[in-house]
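Open the model in your viewer and keep the selection tool ready. We will go stop by stop.

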Amino acid sequence: MKLIESIKQIITEASKKKILMDKIGFNEDNADLLDKLCGPLSVWMAKKMMEFQQYSSGRLGNQVKTGSELIDQMNNNGVLRMKQSSIQSIMDWVRVGLNGNLGEYKDLPFIDLVLHSKDWHDGLEIGQGDINYKEQNPTILDFTDENGNGFYWADLDTKNSDAECNRMGHCGRSSYGYLYSLRQNIPINDKYKLNKSVLTAAIGEDGILYQLKGVKNSKPKDEYHQYILPLFYVLGGEGEEDDYLIQGFGTEYASEQDFKLSDLPEQTIKELYQNRPELFSSRPMQRLLDKMGIIEMEPLPTGFSLEIKPEDFDDYIDGCTYNTYTNRTTGVKRRVSIFVEIMAGDAWDLWNQDGYEDFGSYFQYTIDQPTEDRLWDIVRRMAERDGIELDEDLNLEDSVKEVDDNWEIRNAIGGAINDADANDYVDYLQKQIESALEFYGNVYEFNDTGAKIQVELANLVDIDEGWVDEIFENHMNRDGKYDLEGIFNQLLNESHIDKPDFDPDDRWYPSPDDNIVNEYVNDRLNDINI
């Protein structure tokens, strides 16, 4: 919380990305994402996302992390990328709806900001266009007739257009792409024409089509496909051959409402694939072509090794409880997961038995000959020390009772048995944790430092579902490889994978090995001085 509060003091500094990395601790990818989406408000948004991460962890009953541990968690779990659409929605509302002035909304939590931005997006009115409008922007595709009536694509040469916002009833901006508007000239009479926008596309300098939507962020109607398809043949850059304006696909706000190649008729898709096969390199496009019988899709890589520390077990297993300890000197409270205690082998606290009185069972069933001989020796020396004459007919148990007025021997035996029971209980609990983790795959290493699991995603989700492809695409590294652990964490955090339960059987009772019990007894007997 101290780290979060300190953000208020540095929010006015110049280099937001540098602050995000050097002072807060975000990795470059997260800092770059916030900087691109939020600009001068990136540090403010970082504070909101840190609070949101803490809120989410607490609501799920997980450990609420702070400081550098919180930042490490956010750097690893992909929360910023998962919430990218919501962040984009908030920033559109702030920049356009609030004209950049946060005012009374500045201190609202992230969830409330999302709701306000959604209300704003839904409440935008659809503009009616302009009478006798003279296009000021370059036309890249012209479908108008000899009288100038009909459709054309205009290059707005900006990422933020108030005019497009008013015409279309959406925010009229993009964080990544320059805006292109499909506009229509409609004759009203011989004297007047109405010019209105019907589609808005956002295309980046990298050739990525980030958005293509209709009015109020609606999905483009089929009737506009004839004007969308030619966009994929427009040359960009220097106009060189194969240097196309659109070279791939990305996402921004409400991506489910964007135009997708899969919206086109099958024959049109086949023709586009023949002419522009590079547009179909993504996993969703490959699946589309596979369903159409055009290609045979390569299987997804789904296996990876997951390493988990005991303090993070509660992120992967439900049913964790927590104990709070207070430092008597400093008064500082420490909240500890039961998984951490189990893996550390804190046996006495976990077993927590008051004592052991069934000594007859030990002497009858458990004791071995060396320990029996040693106890007889201790008993005889105690009797000699205290002037006690032992009856030769007494067995060992009764002889112990005869000489052990201070319960030195019996406490040693009882304590040793409790120690053995406690360790047996810890072993049982550790096996329950390991069994829960085996839900995710083969646990090939499991000890007090944590667990290593060979995870097989195909056993956890149906990877043939189209929505899984999009998650894979969002976690592709710059070298073209999938971040399988990031994919796994997103599937887990979004509840596509149900966590296993930690649910020990209350009826379980320890049964330690006799050799271990006798070993513990002999250790305890070492403390008896005669």
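Contact here means heavy atoms within 4.5 Å. Keep that in mind for helix H20, residues 484–493. Select H20: this helix lies across E8 and E12. Its direction runs at about 70° to E8. One caution before moving on: this is a predicted model.

**Stop two: the sheet.** Now select the three strands that form an open sheet. Their order is E8-E12-E11, and the pairing is antiparallel. Which strands stand at the edges? They are E8 (303–308) and E11 (441–447). Each has a single partner strand, so one side of each is left without a neighbour in the sheet. Neighbouring strands are turned by 15° against each other on average, direction ignored.

Look at E8 beside E12, residues 450–456. Six bridges join these antiparallel strands. Pick out Ser 305; its bridge partner in E12 is Gln 454.

**Stop four: a helix on the sheet.** Bring E11 back and select helix H18, residues 408–437. H18 packs on the sheet and touches E8, E11 and E12. The direction of H18 makes about 150° with that of E11.

Go to helix H8, residues 110–123, and select Ser 117. Is Ser 117 buried or exposed? Ser 117 is buried, because its relative accessible area is 0%, and buried means under 20%. Now show side chains. The side chain of Ser 117 reaches the backbone oxygen of Val 114 at 2.7 Å. Leaving out residues up to four places away in sequence, Ser 117 touches Ser 89, Ile 90 and Trp 93.

Notes. Residues numbered from 1 in each chain as written. Predicted model: local features only at pLDDT ≥ 70, side-chain atom pairs only at ≥ 80, totals over all residues. Heavy atoms only, no water. Pairing = 2+ DSSP bridges. Helix = DSSP H or I, 4+ residues; strand = E, 2+ residues; numbered from the N terminus. Axes fitted to C-alpha atoms, helices over the stretch in contact; angles between N-to-C directions. Buried < 20%, exposed > 50% of the residue type's maximum accessible area, 1.4 Å probe, protein only. Polar contact = N/O pair within 3.5 Å; in protein donor to acceptor, adjacent residues only side chain to side chain.
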